[in-house]
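Thanks for coming, everyone. Please bring the structure up on your screens, and then we'll walk through it.

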Amino acid sequence: MNSAEADSSRPNLVFVFPDQMRKHAIGFEGEDPVVTPNLDSFAKESVILTHATSTSPVCSPYRAMLFTGKYPHGNGVLVNVNSLSSPRGNFLKDGERCFSDVLKDEGYSQGYIGKLHLHAPDPNPPYDYGQGPLAGGVVWDAWTPPGPGRHGFDFWYSYGTANNHLAPHYWTGDGDAKSSRVDIDEWSVKHETDVAIRYIENEDGSYRDEAKPFSLFVSHNPPHSPYDKVPPEYLEYYDDRTNEELLNRSNVRFEGRGKEAREHAKNYFAAVTGIDEQFARILETLERRGLKDNTIVVFTSDHGEMMGSHGLMEKSVWYGESLRVPFIVRWPACLKPRKDDLLIGSADIYPTLLGLMGFAESIPAACEGSNYAETIATGSGPRPESAFYLCMPSRPEPPIDAVDRRGVFTHAYTFAVEYGPQARPLLYLFDDREDPYQLRNIASDRPEVVRRMKAEFHAWLRRTNDPWLASKRDLFDSEVE
Ligand code: CA
């Protein structure tokens, strides 16, 4: 074995994914006027996937795809996990062979830090967890007991979902829901970074087995709402700008929920700047410990943030601000820095990372995503023509405002279909090269493009076993049937 091979054998993995951080909110992208010097430097050493998308831009469906490598209709996590959806089976099953189950069998030490949002909440928890969003009596937060639900992570420092970023809580170790809980009086991103550093440094030898390679997931909740729960020192970076000046996208509309962007643009970008500063501490630790060369570091997010674009906030829709995520991969031993426009989706991450790490043969047959490791490593290799999008209503019996959405993207076009309260579906087509802010729906002007995109779309519905294949047959003409 030559030294290059020795260097790239059994790499460590550090996967950092803040929640709701759009691709545009990193300085080097030249889009949002955001301060991220450390991510900008990191990207210069990395493969930047410029066209990574969140296949279902909501918390739980993304996370389930990340860990199962299956699309929502394959893993059963169709919508966010809470006490309304989990009785329908909408949660991560213990029996799934997760990414981390494979790495455990490959001899890895593994840590999970931060938000998980995949396990069914206890509808009658042993005490009031107190910090979950509890609208209408719905329970969101969940403790994941030790055992198969932790899917091979031997270091656990996590919670379900709770949004008090300045007073977070976690469950850690093997105790019960009461004895294993810790409450922290500090910004969650800072605290989770401290824990991640202790894990990497293996403080007191108590965090991981030093003889094994490690895999560490760091799941920050910010810059997810509530946007104003951000340390004031990061707001200072934006003191000389108004919220309106910071929102430089020509599709921003301060109407409807978009009005909220007027209050929160600074808060959102301040949280991103804080994440950038904390991420640098993880990178510095890897370097100081001599782990930089053979550690794959991924920086990405579960989905984006509309922040006033098209008069919308948050995510769920097919517009680029919601759907496009950072995906930056650094591995000095094996990857030369470059940009790649690979259309990678959420279910592809599991097989692609295993492929990069040298475990392609351990990718389970049940994994539905594609392994693009060769493409990322060499620039040549398989490439999909399109990427899929789906976002389902959170209740099976739609309230009046519920919408059921699907779509497909190429490098040139975004095509989306929406079933709402209206009788007929709404079709959307955007020319993303001519109209990057997606201001003109050209579905009725370009029937030939719609026909081609429908053919791609139909292939995705079939590949992902989507019930739309049977229930929305009116969408497709005979050419693709
Ligand atoms: Ca999320």
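Asp19, Arg63, Lys115 and Asp302 are linked in a network of salt bridges. A salt bridge here is a side-chain nitrogen of Lys or Arg within 4 Å of a carboxyl oxygen of Asp or Glu. Side chains of opposite charge can pair when their charged atoms come close. By this rule, the count comes to 29 salt bridges.

A word on what you are looking at. This is a predicted model, where local features need pLDDT of at least 70, side-chain atom pairs count only at pLDDT 80 or more, and totals for chains, interfaces and linings use all residues. Residues are numbered from 1 along each chain as its sequence is written, and side-chain values use heavy atoms, with hydrogens and water left out.

How confident is the predictor? pLDDT is its confidence in each residue, from 0 to 100. The protein chain has a mean pLDDT of 94. Of its residues, 95% reach 70 or more. Now look at residues 1-6. There pLDDT stays under 50. For that stretch the model has one contact beyond four places in sequence, and contact means heavy atoms within 4.5 Å.

Back to salt bridges. For each one, I'll say how open the partners are. Buried means under 20% relative accessible area, exposed means over 50%, and partly exposed is in between (1.4 Å probe, protein chains only).

Pair one is aspartate 105 with arginine 97, at 3.0 Å from N to O. Aspartate 105 counts as exposed, because its relative accessibility is 55%. Arginine 97 has 36%, so it counts as partly exposed.

Pair two is arginine 150 with aspartate 174. Their closest N and O atoms are 3.9 Å apart. This pair links distant parts of the chain, 24 residues apart. Arginine 150 is in the loop between strand 3 (109-115) and strand 4 (155-159). Aspartate 174 is in the loop between strand 5 (169-172) and strand 6 (181-183). Helices (H or I, at least four residues) and strands (E, at least two) are DSSP runs, numbered from the N terminus. Is arginine 150 buried or exposed? It is buried, at 5% relative accessibility. Aspartate 174 is exposed, at 67%.

The closest N and O atoms are 2.8 Å apart. Arginine 257 lies in the loop between helix 8 (243-246) and helix 9. Glutamate 314 lies in the loop between strand 8 (295-300) and helix 10 (320-323), so the pair ties together parts that are 57 residues apart in sequence. Arginine 257 is partly exposed at 38%, and glutamate 314 is buried at 19%.

Next, strand 8. Threonine 300 lies in it. That residue is buried, at 1% relative accessibility. Which residues does threonine 300 contact, leaving aside neighbours within four places in sequence? They are Phe15, Val16, Phe17, Pro18, Tyr62, Val325, Pro326 and Phe327. Threonine 300 and aspartate 19 are 281 residues apart in sequence, yet 8.9 Å apart in space, C-alpha to C-alpha.

Now helix 3, residues 59-68. There, 10 of the 10 residues are buried, so helix 3 is largely enclosed by the rest of the structure. Among them are Tyr62 and Arg63. Just after helix 3, glycine 69 takes a positive phi of about 70°.

Last topic: helix packing. Two packed helices are described by the angle between their axes and the distance between the axes. Axes are lines fitted to C-alpha atoms, for helices over the stretch in contact, and angles run from 0 to 180 degrees between N-to-C directions. Under 35 degrees counts as roughly parallel, over 145 as roughly antiparallel, 65 to 115 as roughly perpendicular, and the rest as oblique.

Take helix 2 (residues 37-44) and helix 9 (residues 261-288). They pack at about 45°, with axes 7 Å apart. That makes helix 2 oblique to helix 9.

One more residue in helix 6 is arginine 198. It is partly exposed, at 26%. Not counting residues up to four places away in sequence, arginine 198 touches His191, Glu203 and Tyr207.

How values were computed
pLDDT = per-residue confidence, 0-100.
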